[in-house]
Amino acid sequence: MRNLRITGVVAIGIITLDATATNAQDNVKSTISANLVNQYIWRGQDLGDVSVQPALGISWKGVSLSSFGNVGLSDKDDTKEFDLTGAYTFKGLNMGITDYWFNQPNKRYFCYAAHKTSHVFEANVGYNFGPLALQWYTNFAGNDGINKNGNRAYSSYVEISAPFTFATCDWNAAVGAVPYRTSFYSDVNGFAITNVSLRATKAIPITSSFTLPIYAQITANPSNEKAYFIFGFTLHP
């Protein structure tokens with residue numbers, strides 16, 4: 001589920017393989033990765049247990065196209081996911097559209113009929129101010145949640161994050177909220193803070209030419225009173 005989502009949000013044991021190809025003339029870049037996560041947490045929601053998450057992306061002069069997938073390994077009933085994202089970044093500004101697909105309630109990928117499709121279409125816009133970054137996401141079509149009247153909720157999520165360095169680690173603090181009632185985000189009844197997280201990352205040198213980035217993360221969802229502690233690592237060339 002995530003704009004150019006090349007790595008998983010939370011993990012305990014991530015395996016990531018990246019390959020980047022650059023053309024000096026037009027600066028086209030491509031990225032391939034595969035993550036292994038112990039638990040799939042997205043915007044404060046628990047979406048599954050141990051999963052593999054492949055991703056593929058290509059970018060050129062601020063324009064990017066990417067895909068992301070999720071398949072559960074430990075629980076056969078975990079939701080399968082396949083996302084496609086088109087995005088544009090200019091200096092601190094970024095915007096994009098994502099087509100999320102899940103194998104529930106309809107297992108057919110090419111079904112786009114209203115009230116039957118499993119696709120969710122989301123638009124996002126954000127700005128990176130340097131010390132802080134702000135992102136807003138809104139579903140505008142597909143299998144969106146409903147409001148109290150049973151109509152499309154145009155389900156939305158807003159998040160503010162702050163990266164910083166402290167005690168030889170790279171940190172990121174984030175707070176995310178659902179601004180109004182929707183059944184899409186854990187059936188919230190109004191404004192609700194659904195994601196509070198703090199992550200620390202540190203690159204551990206293994207050899208003179210290889211380092212292993214590891215991180216620990218605490219994530220809480222005050223709305224449903226759930227909390228998660230995550231440890232992860234990333235392998236890359």
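**View 1. Here is the largest nonpolar core, a set of 13 residues.** Trp 42, Tyr 100, Val 120, Tyr 157, Val 178, Phe 184 and Tyr 185 are the members that touch the most other members. Two elements each give two or more residues to this core: β3 (40-42) and β8 (93-102). A nonpolar core here is a set of buried Ala, Val, Leu, Ile, Met, Phe, Trp, Tyr and Cys residues joined through side-chain atoms within 4.5 Å. Buried means under 20% relative accessible area, exposed over 50%, and partly exposed in between (1.4 Å probe, protein chains only). In soluble globular proteins, nonpolar side chains tend to be buried together.

Keep in mind that this is a predicted model: local features need pLDDT of at least 70, side-chain atom pairs count only at pLDDT 80 or more, and totals for chains, interfaces and linings use all residues. Residues are numbered from 1 along each chain as its sequence is written, and side-chain values use heavy atoms, with hydrogens and water left out.

**View 2. Now we zoom in on Val 178 and what it touches.** Leaving aside residues up to four places away in sequence, Val 178 is in contact (heavy atoms within 4.5 Å) with Ser 156, Tyr 157, Tyr 185, Val 188, Gly 190, Phe 191, Ala 192 and Thr 194.

**View 3. Rings pair up in this structure, with 13 aromatic pairs in total.** Tyr 100 and Phe 102 make a stacked pair, 6.4 Å centre to centre with 15° between the planes. Tyr 100 is buried at 1% relative accessible area, and Phe 102 is buried too, at 13%. Phe 121 and Phe 140 make a tilted pair, 6.3 Å centre to centre with 40° between the planes. Phe 121 belongs to strand β9 (residues 119-128) and Phe 140 to strand β10 (residues 133-142), so this pair ties together parts that are 19 residues apart in sequence. Phe 140 is partly exposed, at 38%. To pair, rings of Phe, Tyr and Trp (its six-membered ring) need centres within 6.5 Å; planes under 30 degrees apart count as stacked, over 60 as edge-to-face and the rest as tilted. Strands (E, at least two residues) are DSSP runs, numbered from the N terminus.

**View 4. Some rings gather into one aromatic cluster.** Its members are Trp 42, Tyr 100, Phe 102, Tyr 137, Tyr 157, Phe 184 and Tyr 185. Tyr 137 also has the charged end of Arg 43 sitting over its ring, 4.0 Å from the centre.

Key
Helices (H or I, at least four residues) and strands (E, at least two) are DSSP runs, numbered from the N terminus. A charge sits over a ring if NZ of Lys or CZ of Arg is within 6 Å of the ring centre and within 35 degrees of the ring normal.
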